[in-house]
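Below is a short report on one protein structure. Please look at the sequence and the model before reading on.

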Amino acid sequence: MATLPFKDTVITHREEIARRWALAAEPCPDDACGPRWQLMLREFLWPIEPLRRLVGPPLEIPAAQTPKTVMLLPGFGAHPIRMRWMARKLEKAGHITKKWGLGYNFGATQARFQLVERRLVDIYRRTGTPIYLVGWSLGGVMARELAKAHPDKVAKVVTMGSPFSGSPRANNGWRAYQAIAGHRVDEPEIDTVVHEKPPVETVAFWSPCDGIVDPRAACGKPGERDRARALRCSHMGFVLTNEAVEAVLGELDRD
């Protein structure tokens, strides 16, 4: 296989970096904005959430009425380990949790979506039952798309602070997304209409305290999801707080 000369390779890399920098520097439409900066700053306090759990009331985890198989999809820039604490609590209740199998979530590219599709199909074939998808932030958007592509293999979708409604730039992370993923947030590589509801039960968790995603984008409108539930956590807190775990456990026990 022919390879580019070193000089041409450097030029190509520089051009790609410049292209991505330009994507990150694009102006934001006047009708789209993320949460105010005070909430954004509070997101950097996420490391103290484990301490809050220690001094707060203990989390009571009842046994699951019917154990489910649950795939957890991390948010943009996050590794599955960020959802491990939540996974342990779901497992304590009796559920079986599965990672999404891709490591860090660096964007909803076509290649990455195809890989997570294969992961879903593989889990379904091995378990023989529809899977419950719990997606945090961008992971929730991808969970909705999985359910659209494979409604027979998905029992329910739970999104947590996921920007599926309104402008895809109504959040404080779209510039970083465009720089890292390499495409515009409003020009996804997969053929989809993001706000359209999947043909399975879809529940949206949102928070007025979210410092990353506009609460209206995560809540959605009637018809874009079946139900919406407000929590009081930060965006990072969707995978770190007792409140969020209780909400997920409650959704799994509704069926």
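## A pair of strands

In this predicted model, phenylalanine 205 has arginine 229 in E6 as its bridge partner. Strand E5 covers residues 201-206, and its pairing with E6 is parallel, with 4 bridges.

## The whole sheet

E5 and E6 belong to an open sheet of 6 strands, paired in parallel and ordered E2-E1-E3-E4-E5-E6. The edges are formed by strand E2 (96-99) and strand E6 (227-230); each has a single partner strand, so one side of each has no neighbour in the sheet. From one strand to the next, the twist averages 20 degrees.

Helix H4 (residues 84-93) packs on this sheet, where it touches strand E1 (69-73), E2 and strand E4 (154-160). The direction of H4 makes about 155 degrees with that of E2.

## A residue in strand E1

Threonine 69 lies in strand E1. Is this residue buried or exposed? Threonine 69 counts as buried because its relative accessibility is 9%, and the cut-off for buried is under 20%. Beyond its neighbours within four places in sequence, threonine 69 is in contact with Ile96, Lys98, Ile123, Thr127, Ile131 and Tyr132.

The largest pocket holds about 850 Å³ of space. It is lined by 40 residues, and those closest to its centre are Leu138, Pro163, Asn171, Tyr177 and Val185. Helix H6 (138-149) and helix H7 (174-181) each supply at least two lining residues, with the largest share, 4 residues, coming from H6. The lining has 24 nonpolar, 11 polar and 5 charged residues.

The second largest pocket holds about 170 Å³. Its lining has 12 residues, and Ser165, Gly166, Asp214, Arg216 and Ala217 lie nearest its centre. By class, this lining has 4 nonpolar, 4 polar and 4 charged residues.

Note on methods: Residues are numbered from 1 along each chain as its sequence is written. This is a predicted model: local features need pLDDT of at least 70, side-chain atom pairs count only at pLDDT 80 or more; totals for chains, interfaces and linings use all residues. Side-chain values use heavy atoms; hydrogens and water are left out. Two strands pair if DSSP finds at least two bridges between them. Axes are lines fitted to C-alpha atoms, for helices over the stretch in contact, and angles run from 0 to 180 degrees between N-to-C directions. Contact means heavy atoms within 4.5 Å. Buried means under 20% relative accessible area, exposed over 50%, partly exposed in between (1.4 Å probe, protein chains only). On a 1 Å grid over the protein atoms alone, a cavity is a set of points where a 1.4 Å probe fits but cannot get out, and a pocket is an open set with protein on both sides within 12 Å along at least five of seven lines; lining residues have an atom within 4 Å of a point. Grid points are joined across faces, edges and corners, and a volume is the space filled by probe spheres set on the points. Ala, Val, Leu, Ile, Met, Phe, Trp, Tyr, Cys and Pro count as nonpolar, Asp, Glu, Lys and Arg as charged, and the others, Gly among them, as polar.
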